[in-house]
Structure formats: structure tokens, C-alpha cells
Amino acid sequence: MSDINKTKRDDSQLVLSYMGLRKVVGYIGVGLPFVLVIGRLLLTGDTHILGSMSSHYYSPVGGIFVGSLCAIGVFLFSYCGYDRRDKIAGRMACAFAVGVAMFPVRPDENFTETQELIGRFHLFSAAALFLTLAYFCLRLFVLTDKKKMTTEKLRRNKVYRTCGWTILGCIAAIGVVEWLFENPYSPYLASRVKEFSPVFWLEAIAVVAFGMSWLTKGEAILADED
């Protein structure tokens with residue numbers, strides 16, 4: 001009987017540990033935009049917001065940006081979920097997260113052809129990562145056994161869907177903003193919009209939405225009473 005109780009305790013600790021890892025990923029996602037901005041401000045004294053989160057690669061907080069993405073990638077690689085789809089999506093998200101970290105975005109000026117090519121890999125990896133994270137929210141996280149559907153689970157599903165659609169909306173908005181920058185009908189309007197770093201804020205919202213979905217998945221938010 002003691003062996004059975006020990007097994008139950010081990011399983012319980014494993015579940016708690018796994019839930020804890022989900023929360024850690026969520027905290028990284030929610031905190032990353034703020035850490036990048038505040039960290040750069042403290043280290044450089046520059047209050048200007050960079051054009052994108054990826055632009056911090058070339059700043060004193062570039063190591064935090066790369067390290068955070070790699071940490072998220074490692075967890076996603078080990079994420080199994082409930083079926084094969086979770087595992088495949090996790091491996092893909094891991095590859096894309098590492099791609100964003102390892103292939104830096106093209107510098108804003110004085111860049112080479114090689115840097116431009118690498119920057120394209122970066123943009124592809126970033127877009128694919130966000131799409132995969134939205135897939136987690138909209139298709140995988142909402143799944144459950146109907147017999148285990150609780151009131152809190154229904155509420156968590158609303159959070160997942162909100163986060164997923166927020167990520168997709170931000171991706172679409174970034175596409176519109178980038179098109180405006182590259183093909184402006186009004187150069188003056190494009191330059192004025194660019195001053196407010198819209199791509200950074202849209203990326204930040206998408207990353208925070210990703211973090212919130214994983215905090216919810218780890219039941220740091222709307223946890224079941226049992």
C-alpha cells in the first residue's frame with residue numbers, strides 16, 4: 001500500500017512540476033517585452049522604443065532576448081500534451097523560436113546582402129512561430145474530455161481563444177504596417193507612424209497574449225478547485 005501511495009505522490013509531483021514549467025514559459029512571455037525595454041533603458045539611458053522586439057538583438061539586452069527564446073524553445077521541444085499533434089506543434093515551435101534567436105533581424109541601415117538574407121530567415125521564423133502559438137491556443141489548448149469539462153475549463157477556453165485571435169490579429173496588423181513602411185502612399189504618414197514603433201507594440205501584445213495563454217494552461221489563472 002505504501003508503494004501505491006509513493007507512486008501517487010511521484011505522479012502528483014510530476015504533474016505539479018510540468019504545470020510549473022508551463023507557468024515559467026508564461027512568465028517569460030508576459031515579462032519579455034517589459035524586460036527588454038526597461039533593461040535597455042537602464043543600461044543605455046535611451047528612452048526611445050526600438051522598432052521591433054527583434055531589434056534588441058543589437059542592444060545591450062540582446063543576450064536576454066536570445067536566451068529567453070532559447071528557453072521557450074527548449075520547453076516547447078519537450079512539450080508532449082495529450083496527443084501527437086501537441087508534440088509535433090511543440091517541436092515546430094521550438095525550431096521557429098530557435099530560428100528567431102539564431103538568425104538576427106536585418107539591421108536598419110548599413111547592412112550587407114548576407115545580413116539581409118539572414119534577416120529573411122528571421123522574419124519567416126518569427127511569423128511561423130506566432131502562427132504555431134496561435135494554433136496552440138485555438139486548436140490544442142481548448143481540447144478536453146467532455147466528462148472533465150468544468151466551469152473553469154470553459155473560462156480558460158475563452159482565454160485561449162482570445163489569446164489566439166489576438167496573436168493572429170497582431171500578425172495581420174504587422175503585415176499592414178510593414179507594407180505601409182515599404183510602399184507608402186504618403187511618406188510623411190509612414191514616417192510619423194514609424195516614430196511610434198508600432199511593430200514593437202504589436203509584437204509585444206502578441207508575446208504577452210502567448211504568455212497569458214501558457215499561464216492559463218499552467219492554471220496560474222482560472223485553476224480548477226480540485
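User: What kinds of residues make up the lining of the largest pocket: how many nonpolar, polar and charged?

Analyst: The lining of the largest pocket divides into 24 nonpolar, nine polar and eight charged residues. Here Ala, Val, Leu, Ile, Met, Phe, Trp, Tyr, Cys and Pro count as nonpolar, Asp, Glu, Lys and Arg as charged, and the others, Gly among them, as polar. Bear in mind that this is a predicted model, where local features need pLDDT of at least 70 and side-chain atom pairs count only at pLDDT 80 or more, while totals for chains, interfaces and linings use all residues. Residues are numbered from 1 along each chain as its sequence is written, and side-chain values use heavy atoms, with hydrogens and water left out.

User: Which residues lie nearest the centre of the largest pocket?

Analyst: Those are S52, V105, L123, E178 and V199, out of 41 lining residues. Two or more lining residues come from each of α1 (2–44), α2 (62–78), α4 (113–140), α5 (151–182) and α7 (198–217). The largest share, 10 residues, is from α4. Helices are DSSP runs (H or I, at least four residues), numbered from the N terminus, and strands are runs of E of at least two.

User: How much space lies in the largest pocket?

Analyst: About 1,200 Å³. A pocket is an open set of points on a 1 Å grid over the protein atoms alone where a 1.4 Å probe fits, with protein on both sides within 12 Å along at least five of seven lines; lining residues have an atom within 4 Å of a point. Grid points are joined across faces, edges and corners, and the volume is the space filled by probe spheres set on them.

User: Changing topic: how many helices and strands does the chain have?

Analyst: There are seven helices and zero strands, and 40% of the 226 residues count as buried. Buried means under 20% relative accessible area, exposed is over 50%, and partly exposed is in between (1.4 Å probe, protein chains only).

User: Now the surface. Which residues make the nonpolar patch?

Analyst: V98, M102, F103, L117 and F121 make it, with about 440 Å². Such a patch joins nonpolar side chains (Val, Leu, Ile, Met, Phe, Trp, Tyr) within 5 Å, from residues with over 30% relative accessible area and no salt bridge. Areas come from the Shrake-Rupley method with a 1.4 Å probe. F103 sits in the loop between α3 and α4 and is partly exposed, because its relative accessibility is 33%.

User: You mentioned salt bridges. How many does the structure hold?

Analyst: Four. The term means a side-chain nitrogen of Lys or Arg within 4 Å of a carboxyl oxygen of Asp or Glu. In one of them, R40 pairs with D46, and the closest N and O atoms are 2.6 Å apart.

User: Is R40 buried or exposed?

Analyst: R40 is buried, because its relative accessible area is 9%, whereas D46 is partly exposed at 31%.

User: What does R156 form a salt bridge with?

Analyst: E219, with the closest N and O atoms 3.8 Å apart. R156 lies in helix α5 and E219 in the segment after α7, so the pair ties together parts that are 63 residues apart in sequence. R156 is buried at 5% relative accessible area, while E219 is partly exposed at 24%.

User: And which residue does R155 pair with?

Analyst: R155 forms a salt bridge with E152, at 3.0 Å between the closest N and O atoms. The two are three residues apart in helix α5, so about one helical turn separates them.

Technical notes. Patch = residues over 30% accessible without salt bridge, like charges linked within 9 Å, V, L, I, M, F, W, Y side chains within 5 Å.
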